[in-house]
Amino acid sequence: ELPIDHFRLIGVSPSADAEAVLRAFQLRVDRPPHQGFTQEVLGQRADLLKLSTDLLANKALREEYEKALLGGASGLELSSNREVAGLILLWEAKASKEAFELAKKALQPPQAPALGSGRESDLTLVAALSCKSAALEEQDQRRYESAALILQEGIQLLQRMGKLPDHRLALEKNLEELLPYRILDLVSRELSDQASHQEGIRLLDFYVKQRGGLEGKNLKGNQSGLDQEEFELFFHQIRTFLTVQEQIDLFTYWQKKGSAVAGFLGAIAFVGDGFSRRKPERLLTAKKYFRSLDLNGIDAMPLFGCIDLLLADVEQAENKFK
């Protein structure tokens, strides 16, 4: 049973008259998807469209069907030999997530098709196409983590089937480009959702190390994703959702991995932590941490002066500023 009605399957509104239904049918038949489906399944697609058109263009049959819809009827029952054609139409009707879930199920035992058959080829293709569309629909709704999980499922499915390597590479590229948005989605959730928050921090750590630290030492000119300026804007957003202790932990760890920028930000995080929690020993730790850094010619005296002011040591602060 497909979770769709005859109106959506044809692509018309429930108020469309018989002439509009026939026009929509002809347009759909004349423009089949050209992604590589077999002629057999495209013929079955045309047959399903004709069945829906015949029903909606017939006044008596349509009235009976509309009464059934008002009575709570939902979904269209298809014979098993037309299942793949139905999934193609479901994908075309922008019910991509449902099409992907049903295609995945159809590719698993005990109903998995014969290896090398046209049915297996068509099912795998509709799974790949509906996976990409479903992920884009989730992304448009800013549900980035949900989009990423759908892409991961699609990639795993294509790897298991050993088919459509170009489609798999495209899904992998989409997943890679989604990473910063996925991180922001996870870390910005309610504090009560600690599992999501910690997953976001884990992915952030992976992303920063992949880029070669906060400076982006591993970036190449042709690499997809955020450039350094875009990354800095993204990271500025991320920091507002991290606790001071989380920032200290991440920055000091990245500094040990060779990121000088992370070391500087770690020292600033120590300052913020000491002042906000009224712990002078954290401010002293910040001074010690600053002295251990290679600041590449930056004059650290104003920074030390500010720390002395926070410690209420006005004389030392004045000397630093001088």
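**Helix packing, cores and individual residues**

Student: Which helices do the buried residues of α2 pack against?

Tutor: The buried residues of α2 pack against α1, α3, α4 (59–70) and α5. Contact here means heavy atoms within 4.5 Å. Buried means under 20% relative accessible area, exposed means over 50%, and partly exposed lies in between, with a 1.4 Å probe and protein chains only. Helices (H or I, at least four residues) and strands (E, at least two) are DSSP runs, numbered from the N terminus.

Student: What sort of model is this, and how are residues numbered?

Tutor: This is a predicted model, in which local features need pLDDT of at least 70 and side-chain atom pairs count only at pLDDT 80 or more, while totals for chains, interfaces and linings use all residues. Residues are numbered from 1 along each chain as its sequence is written, and side-chain values use heavy atoms, with hydrogens and water left out.

Student: Back to α2. Which of its residues are buried?

Tutor: They are A20, V21, A24, F25 and R28. Seen down the axis of α2, these buried residues fall within an arc of 140 degrees, so they line one face of the helix. The arc is that of the directions from the helix axis to the C-beta atoms.

Student: And what does the face turned away from the buried side carry?

Tutor: That face of α2 carries the exposed residues E19, R23 and D30.

Student: How many residues does α2 have, and what span does it reach?

Tutor: Helix α2 has 13 residues, and from its first C-alpha to its last it reaches 18 Å, close to the 18 Å expected at 1.5 Å a residue. The expected span is 1.5 Å times one less than the number of residues.

Student: On to the largest nonpolar core. Which residues touch the most other members?

Tutor: F37, L123 and V126 do, out of 55 residues in that core. At least two core residues come from each of α1 (6–10), α2 (18–30), α3 (39–57), α5 (83–92), α6 (96–106), α7 (118–140), α8 (144–161) and α9 (165–187). A nonpolar core is a set of buried Ala, Val, Leu, Ile, Met, Phe, Trp, Tyr and Cys residues joined through side-chain atoms within 4.5 Å. In soluble globular proteins, nonpolar side chains tend to be buried together.

Student: What is V126 in contact with, leaving aside neighbours within four places in sequence?

Tutor: V126 is in contact with F37, L87, I88, W91 and A103.

Student: Where does S130 lie, and is it buried or exposed?

Tutor: S130 lies in helix α7 and is buried, with a relative accessible area of 0%.

Student: Which backbone atoms does its side chain reach?

Tutor: The side chain of S130 reaches the backbone nitrogen of F100 at 3.4 Å and the backbone oxygen of A127 at 3.2 Å. A polar contact is a pair of N or O atoms within 3.5 Å; within protein, one must be able to donate a hydrogen and the other to accept it, and residues adjacent in sequence count only if both atoms are side-chain atoms. Not counting residues up to four places away in sequence, S130 touches W91, S96, A99 and F100.

Student: Now backbone geometry. Which residues does a cis peptide bond join?

Tutor: A cis peptide bond joins P109 and P110, with omega about 5 degrees. P110 has its place in the loop between α6 and α7.

Student: What is phi of R142, and of A312?

Tutor: Phi of R142 is near 65 degrees, a positive value in a residue other than glycine. R142 is found in the loop between α7 and α8 and is exposed, at 65% relative accessible area. For A312, phi is also near 65 degrees, again positive in a residue other than glycine. A312 is found in the loop between α15 (301–310) and α16 (314–321), where it counts as exposed at 61% relative accessibility.

Student: How many disulfides does the structure hold?

Tutor: The structure holds 0 disulfides, a disulfide being a pair of cysteine sulfur atoms within 2.5 Å. C131 counts as buried at 0% relative accessibility, whereas C306 counts as partly exposed at 41%.

Student: Last one: where is P3 found, and what does it touch?

Tutor: P3 is found in the segment before α1 and is partly exposed, with a relative accessible area of 39%. Not counting residues up to four places away in sequence, P3 touches R8, G75, L90, E98 and L102.
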